[in-house]
Amino acid sequence: MTRTQFVLATLAAFVLAGIADATPTAARDYPWCAQGGEYDYPGECAYSTYEQCQASVSGRLLYCDRNPRVAYGQVQQPQPHRRTRPVAPY
């Protein structure tokens with residue numbers, strides 16, 4: 001095996017190991033949504049600030065509004081994992 005093939009095989013192994021080890025990012029509801037046009041309700045909710053949303057919708061015949069899931073408290077907050085101890089019977 002030539003040195004180039006060895007280097008390419010090693011690089012491919014590292015890339016595959018990195019992909020296999022990657023975890024999916026947590027789903028997050030952002031507080032601002034681009035609404036109107038081609039987006040169904042509630043829209044494209046991918047903006048942390050109103051300014052980010054405004055910059056994205058500029059020139060696209062869209063508008064920005066609050067994400068209803070965030071505004072009305074429908075976002076599921078992750079519950080902290082509680083460790084429990086087994087209780088001995090009396």
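Begin by selecting arginine 60 and glutamate 44, which form a salt bridge whose closest N and O atoms are 4.0 Å apart, a salt bridge being a side-chain nitrogen of Lys or Arg within 4 Å of a carboxyl oxygen of Asp or Glu. Arginine 60 sits in the loop between helix 2 (50–57) and strand 3 (63–66), while glutamate 44 belongs to strand 2 (residues 39–47), so the pair ties together parts that are 16 residues apart in sequence. Helices (H or I, at least four residues) and strands (E, at least two) are DSSP runs numbered from the N terminus. The count by this rule is one salt bridge.

This is a predicted model, in which local features need pLDDT of at least 70 and side-chain atom pairs count only at pLDDT 80 or more, whereas totals for chains, interfaces and linings use all residues. Residues are numbered from 1 along each chain as its sequence is written, and side-chain values use heavy atoms, with hydrogens and water left out.

Next, colour the pair by accessibility: arginine 60 is partly exposed at 31% relative accessibility, and glutamate 44 is partly exposed at 25%, where buried means under 20% relative accessible area, exposed over 50% and partly exposed in between (1.4 Å probe, protein chains only).

Finally, select Trp32, Ala34, Tyr47, Cys53, Val57, Leu62 and Cys64, the seven residues of the largest nonpolar core, meaning a set of buried Ala, Val, Leu, Ile, Met, Phe, Trp, Tyr and Cys residues joined through side-chain atoms within 4.5 Å. Strand 1 and helix 2 each supply at least two residues of this core.
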